Amino acid sequence: MTATKRKKGNLAVVPVPLPPAKQTTRHPHQNLDRAIRAAMARLTGGISPHSVTEAWSDWAMHLARSPGRQLELMERAQDNSVKMMRYTTETLTGKDAEHPFTPNPHDHRFQDPAWNKAPFNLWQQGFLAVQDWWAHATQPVRGLQKQDADRTQFQTRQMLDLLSPSNFPWMNPEIIAATAKQGGRNLVDGATLFTHDMFQTLTQSHEPAPEGYQIGIDLAQTPGKVVYRNHLFELLQYSPQTPKVQAEPVLFVPAWIMKYYVLDLSPYNSMVKYLLDQGFTVFMISWCNPTADQSDLSLEDYRKDGVLKALDAINTIVPGQKVHANGYCLGGTLLSIAAATMARDGDDRLASITLMAAQVDFSEAGELLLFVDESQVAFVEDMMWEQGYLDRPQMARTFASIRAEDLIYTRAVNRYFLGKEDLPTDLGVWNGDTTRMPARMHSEYLRGLFLENRLTAGRFAVEGRVIALKDIAVPMFVVATETDHIAPWRSVYKTRLFTDCDLRFVLTKGGHNGGILSEPGHARRHFRMDDRPSGAHYIGPDAWLSQTSPKPGSWWPSYAEWLVAKSSGKVVPLTIGAAEDGLPPLEEAPGTYIHQV
């Protein structure tokens with residue numbers, strides 16, 4: 001069996017051998033098993049019970065044969081008890097006692113000043129003492145798999161977060177004060193909000209955007225047109241904002257897990273608008289929101305019918321020019337795969353590559369790895385097999401559980417006990433406008449990248465042949481964010497380890513989204529940056545951090561300057577689309593796919 005290489009310019013069409021199809025044993029009743037597992041997955045939120053019990057069994061067995069560690073834990077419990085007894089005594093005798101335990105930096109549950117008064121301070125400190133002991137108890141034991149240690153720690157944190165005194169109205173001073181002040185109105189309002197949210201969850205209805213945050217009017221309002229559309233994406237070309245533009249256009253490849261307009265939110269923090277104002281021609285991929293009928297879409301479809309088709313259209317609209325390609329999150333991973341394949345095949349249409357909060361190596365992919373092993377992936381695959389996709393709530397729960405104390409419980413207390421409605425923000429509206437992921441593509445992504453880490457292990461094949469990131473010769477601009485819990489910055493930093501081109505690495509303040517949306521004028525922002533020439537020796541992330549000083553402000557101006565330096569000069573902007581070549585403008589931006597629910 002052979003496959004044919006895509007024709008690039010004057011390259012010959014060469015047959016490419018494909019590996020033989022993998023032979024699998026088909027069991028006659030396997031669909032019954034999958035249906036049962038899919039039903040179970042819906043009840044557990046997609047979490048495999050086997051993965052949970054395996055982690056706890058591994059932890060318990062290793063701890064049982066470690067008497068020294070058991071003695072250490074008993075001493076820890078004794079120390080925490082003594083601290084609590086001393087604190088309680090000082091508090092009850094009227095002394096200004098120093099808190100022996102402090103919440104984590106991102107834990108905002110105990111910020112109300114009333115938590116410093118008895119008896120609430122005692123409940124708070126008692127909870128934090130237990131939290132401290134369990135955090136210590138679930139640290140790795142010699143012989144225990146690190147992933148199992150991390151999972152037990154994560155699951156313990158989830159259980160403790162559920163039992164926090166801040167979650168109980170009679171133990172939370174903020175709820176008690178609000179109830180007394182409002183005569184219980186806050187609880188009535190909270191019950192109304194809870195009923196609304198429960199109905200929305202059960203019916204899977206889509207909430208319309210609040211007033212002042214309408215898509216295409218308030219958000220994603222940068223003027224432009226749809227210049228290409230296929231079954232997978234729409235290509236937007238934005239109207240130029242300067243008399244002359246850089247000859248090389250910019251193409252954004254966003255993640256398909258959420259909609260593109262995180263890069264074009266409000267006018268003041270739109271990265272698209274900023275680059276237009278700096279004199280660039282900007283194109284954007286707007287992915288479709290796949291349905292069950294598109295369950296067989298593959299990662300290869302996203303590369304060929306997505307990234308490559310977008311490049312084909314841009315080459316028609318802006319002929320003779322290379323393209324600055326920018327990939328965000330999963331879009332950056334897809335772009336790196338496409339770029340490595342293009343380099344292998346002699347396709348030189350890229351002028352540069354930018355990866356924003358995007359990983360190419362997944363061995364240190366943070367707490368998302370807690371949800372990835374063979375049992376867990378098979379469990380999710382069975383759930384997707386039945387419904388054809390991974391749905392919005394299932395992904396949202398996964399991301400929220402990583403910061404459950406803030407993203408789940410603090411919000412629940414504010415909403416259901418204090419009766420406070422969520423204040424809309426542009427980023428919040430976008431964050432709730434999630435999309436589905438087709439079953440086949442998500443399975444390939446979980447297995448090939450997260451579970452088996454093929455891309456940097458030299459085992460990721462495209463069209464039957466392995467690709468290598470070190471083949472990429474064009475300059476790269478790689479951005480990581482300091483507090484990213486989806487793509488940890490040290491994991492993003494590994495791009496430096498697996499490439500050998502000119503590379504600028506930027507580490508900016510903020511999280512996965514907030515760090516990227518770091519427009520000029522944003523208060524209290526800083527970033528670190530350095531350039532690595534081709535062929536330079538590798539420097540580890542901690543050594544790099546210690547020798548790279550932070551700079552105040554936004555990283556966007558440095559990015560724009562870098563793009564200008566990698567461009568060939570300014571030209572008069574061309575018209576939008578290329579009607580004479582079969583690419584007429586189809587409709588006004590932001591197009592149709594952005595509105596799919």
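Is A220 buried or exposed? A220 is buried, at a relative accessible area of 1%. The model described here is predicted. Its chain holds 20 helices and 19 strands, and buried residues account for 50% of its 597 residues.

**The chain as a whole**

- The accessible surface of the chain is about 27400 Å², and 57% of that surface belongs to carbon and sulfur atoms.
- Among contacts between residues at least 6 apart in sequence, 81% link residues at least 24 apart.

- Strand β4 covers residues 233-238, and six of its six residues are buried.
- F233, L235 and Q237 point one way from β4, while E234, L236 and Y238 point the other way.
- Strand β3, residues 224-229, pairs with β4 in the antiparallel sense over five bridges.
- A hairpin of three residues connects β3 to β4, and Y228 stands opposite L235 in β4.
- Strand β7, residues 282-287, also pairs with β4 in the antiparallel sense over five bridges; here F233 stands opposite W287 in β7.

**Nonpolar cores**

- The largest nonpolar core has 118 residues, of which L235, L251, F252, Y261, F505 and W555 touch the most other members.
- Helix α9, residues 299-317, supplies the largest share of this core, with nine residues.
- Another core, of nine residues, lies apart from the largest one and includes M84, W115, F127 and L160.
- Leaving aside neighbours within four places in sequence, W555 is in contact with M271, M356, F477, V479, V506, T508, G515, I516, S518 and F527.

- Helix α9 has 19 residues and spans 26 Å from its first C-alpha to its last, close to the 27 Å expected at 1.5 Å a residue.
- A kink of about 30° occurs in α9, centred on K309.
- The buried residues of α9 include L299, Y302, R303, G306, V307 and L308; A310, L311, A313, I314, N315 and I317 are also among them.
- Helix α15, residues 439-451, has 10 of its 13 residues buried, so the rest of the structure largely encloses it.
- The buried residues of α15 are A439, M441, H442, S443, Y445, L446, R447, G448, L449 and F450.
- N453 follows α15 and has a positive phi, near 50°.

**Backbone geometry that departs from the usual pattern**

- Most residues other than glycine have a negative phi, and most peptide bonds are trans.
- A220, a residue other than glycine, has a positive phi near 50°; A220 is found in the loop between α7 (185-203) and β3.
- R524 is not a glycine either, yet its phi is positive, at about 60°.
- The place of R524 is in the loop between β15 (503-508) and β16 (526-532).
- R524 counts as exposed, at 69% relative accessibility, whereas A220 is buried.
- The peptide bond from A118 to P119 is cis, with omega near 0°, and P119 is placed in the loop between α3 (67-92) and α4 (120-137).
- The peptide bond from A589 to P590 is cis as well, with omega near 15°; P590 belongs to the segment after β19 (587-588).

Note on methods:
Residues are numbered from 1 along each chain as its sequence is written. This is a predicted model: local features need pLDDT of at least 70, side-chain atom pairs count only at pLDDT 80 or more; totals for chains, interfaces and linings use all residues. Side-chain values use heavy atoms; hydrogens and water are left out. Buried means under 20% relative accessible area, exposed over 50%, partly exposed in between (1.4 Å probe, protein chains only). Helices (H or I, at least four residues) and strands (E, at least two) are DSSP runs, numbered from the N terminus. Two strands pair if DSSP finds at least two bridges between them. A nonpolar core is a set of buried Ala, Val, Leu, Ile, Met, Phe, Trp, Tyr and Cys residues joined through side-chain atoms within 4.5 Å. Contact means heavy atoms within 4.5 Å. Accessible areas come from the Shrake-Rupley method with a 1.4 Å probe; for residues, only the protein chains shown count as cover. The expected span of a helix is 1.5 Å times one less than its number of residues. The bend at a residue is the angle between axes fitted to the seven residues ending there and the seven starting there.
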